Amino acid sequence: ILCLQEVQEDHYENQIKPALLTLGYQCEYKKRTGSKPDGCAIVFKSSRLSLLSSNPVEFLRPGDALLDRDNVGLVLLLQPSDAASPLGASSICVANTHLLYNPRRGDVKLAQLAILLAEISRLSRLPGGSTGPVVLCGDFNSTPLSPLYSFLTTGCLNYSGLKMGSVSGQESSPRGQRLLPCPIWSPSLGIDHRCQYRSEEEEKEEEEEA
């Protein structure tokens, strides 16, 4: 499995995809929204894996001031052959993304990541309620010691008092001095603090409380 970011669309269609097809790979691609010429690609060996579903993820939400950027993600659900299946898994969820670069907008990065994780949670959930194997790749525009990276590796982020410019660790002296709001993203996004989509029952309860 290969996960690529910043793949220019014409390069993908004219060079990358044809070359990889001849090597036995199946290719899936999601171009960034707006006028941006690049996007994310996931390619995999068709002899080892088959595609169950391809799910492009757009972070742009018209009317939402926080989610007004053209970054995207791509989530595939793959079925391995018996010989390639880890621990007998019936499906593997593979996700790829390229988050916003701006070092001062940690709030945008985390909101984009929340959308991607909600999609991964939805697609990797098995009929019995457990979760299948997940492979998460991408350009997260963050450093290995940053709060964002820690969130991905530990599953938890205490962002009380955390400055937006410190989320990604891209700058040694962060210029973004504003603190992350609580909550970071609007409830209208339909995603809770666990980065999972809220159920209809949860949304009804919130409406009744309001």
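Predicted model: local features only at pLDDT ≥ 70, side-chain atom pairs only at ≥ 80, totals over all residues.
**Two loop residues**

Leu-126 sits in the loop that joins helix H2 (106–124) to strand S7 (134–139). Its contacts, leaving aside neighbours within four places in sequence, are Ser-90, Ser-91, Thr-131 and Gly-132. Take Ser-90. It is 36 residues from Leu-126 along the chain, and the two C-alpha atoms are separated by 9.2 Å.

Glu-171 is also a loop residue. Its loop runs between helix H3 (147–154) and helix H4 (200–209). Glu-171 has a relative accessible area of 17%, so it is buried; the cut-off is under 20%. Beyond its neighbours within four places in sequence, Glu-171 touches Pro-103 and Arg-104.

The table sets the two residues side by side.

| Residue | Relative accessible area | Class |
|---|---|---|
| Glu-171 | 17% | buried |

**Rings**

A pair of aromatic rings is described by the distance of the centres and the angle of the planes. How many aromatic pairs does a search of the whole structure find? The search finds 1. The pair is Tyr-12 with Tyr-29: the ring centres are 4.4 Å apart and the planes meet at 15 degrees, so the pair is stacked. The cut-off for stacked is under 30 degrees. This pair links distant parts of the chain. Tyr-12 belongs to helix H1 (residues 9–22), Tyr-29 belongs to strand S2 (residues 25–31), and the two are 17 residues apart. Both tyrosines, Tyr-12 and Tyr-29, are buried.

Lys-45 lies over the face of Tyr-25, at 4.9 Å from the ring centre.

**The cavity**

Rolling a probe the size of a water molecule over the atoms shows where empty space is left. Searching the whole structure gives 1 cavity of 30 Å³ or more. The largest cavity has a volume of about 40 Å³. Which residues line the largest cavity? They are Glu-6, Arg-32, Asp-38, Gly-39, Cys-40, Asn-71, Val-72 and His-98. Strand S3 (residues 38–45) gives the largest share of this lining, with 3 residues. Sorted by class, the lining of the largest cavity holds 2 nonpolar, 3 polar and 3 charged residues.

Terms used:
Residues numbered from 1 in each chain as written. Heavy atoms only, no water. 1 Å grid on protein atoms, 1.4 Å probe; cavity = no way out; pocket = protein on both sides within 12 Å on 5 of 7 lines; lining within 4 Å. Points joined across faces, edges and corners; volume = space filled by probe spheres on them. Helix = DSSP H or I, 4+ residues; strand = E, 2+ residues; numbered from the N terminus. Nonpolar A, V, L, I, M, F, W, Y, C, P; charged D, E, K, R; others polar. Contact = heavy atoms within 4.5 Å. Phe/Tyr/Trp six-rings, centres within 6.5 Å; stacked < 30°, edge-to-face > 60°. Buried < 20%, exposed > 50% of the residue type's maximum accessible area, 1.4 Å probe, protein only. Lys NZ or Arg CZ within 6 Å of the ring centre and 35° of its normal.
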